[in-house]
Amino acid sequence: MVHFTCDLCGKDLTACGDPRYVVKIEAFPGFDPTEITEDDLDEDPMEAVSQILQRDEQLSAEETSTPLRKGFRFDLCPGCHGKFLKDPLGKEFLRSFDFSKN
Ligand SMILES: [Zn+2]
């Protein structure tokens, strides 16, 4: 039997029979490699294309150190799911963290 616990509070969702909520988050750069800027259009089209290709290669080289696309998946109990919907990025938490430093 597959066992589920809440990824936020650790509550055992299999034992208590509460509904389980799944949260999926995907983070990736909002950069379109095929996008051609005005600068590219000023130049020789073939030159511009090769520059874009080079840009792609640089991107994939960076990918080895920092993953460009990262997905997260969480199982949440109803209570934590409600909290997540109110504050998906944990901004309230981060703000209170900032205040405590001062
Ligand atoms: Zn929970």
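The structure, a predicted model, holds one aromatic pair. The ring centres of F72 and F74 lie 6.3 Å apart and their planes meet at 10°, so the pair is stacked. Rings of Phe, Tyr and Trp (its six-membered ring) pair if their centres lie within 6.5 Å, with planes under 30 degrees apart counted as stacked, over 60 as edge-to-face and the rest as tilted. F72 is partly exposed at a relative accessible area of 33%, and F74 is partly exposed at 31%; buried means under 20% relative accessible area, exposed over 50%, and partly exposed in between (1.4 Å probe, protein chains only).

Residues are numbered from 1 along each chain as its sequence is written, and side-chain values use heavy atoms, with hydrogens and water left out. Local features need pLDDT of at least 70 and side-chain atom pairs count only at pLDDT 80 or more, whereas totals for chains, interfaces and linings use all residues.

Two arginines sit over phenylalanine rings, as tabulated below. The criterion is NZ of Lys or CZ of Arg within 6 Å of the ring centre and within 35 degrees of the ring normal.

| Charged residue | Ring | Distance from ring centre |
|---|---|---|
| R20 | F4 | 3.5 Å |
| R69 | F28 | 4.3 Å |

The zinc ion is coordinated at 2.3 Å by the SG atoms of C6, C9, C77 and C80. Donors are N, O and S atoms within 2.8 Å of the metal (3.2 Å for Na, K and Ca); water is not among the atoms, so sites may look incomplete. The angles among the four donor atoms run from 104 to 116°, and the site is tetrahedral, a label that requires all angles of four donors to lie between 85 and 135 degrees. In sequence, the donor residues follow the spacing C-x2-C-x67-C-x2-C. Helices (H or I, at least four residues) and strands (E, at least two) are DSSP runs, numbered from the N terminus. C9 is partly exposed at 47% relative accessibility, while C77 is buried at 5%.

The zinc donor C80 is also one of the buried residues of helix 4, together with H81 and F84. These residues cover an arc of only 105° around the axis, which puts them on the same side of helix 4; the arc is that of the directions from the helix axis to the C-beta atoms. K83, L85 and K86 are exposed on the other side of helix 4. The cover over the buried residues of helix 4 includes strand 1 (21-27) and strand 2, where contact means heavy atoms within 4.5 Å.

How values were computed: Four donors count as tetrahedral if all angles lie between 85 and 135 degrees; four count as square planar and six as octahedral if opposite donors are over 155 degrees apart and all others between 65 and 115; anything else is irregular.
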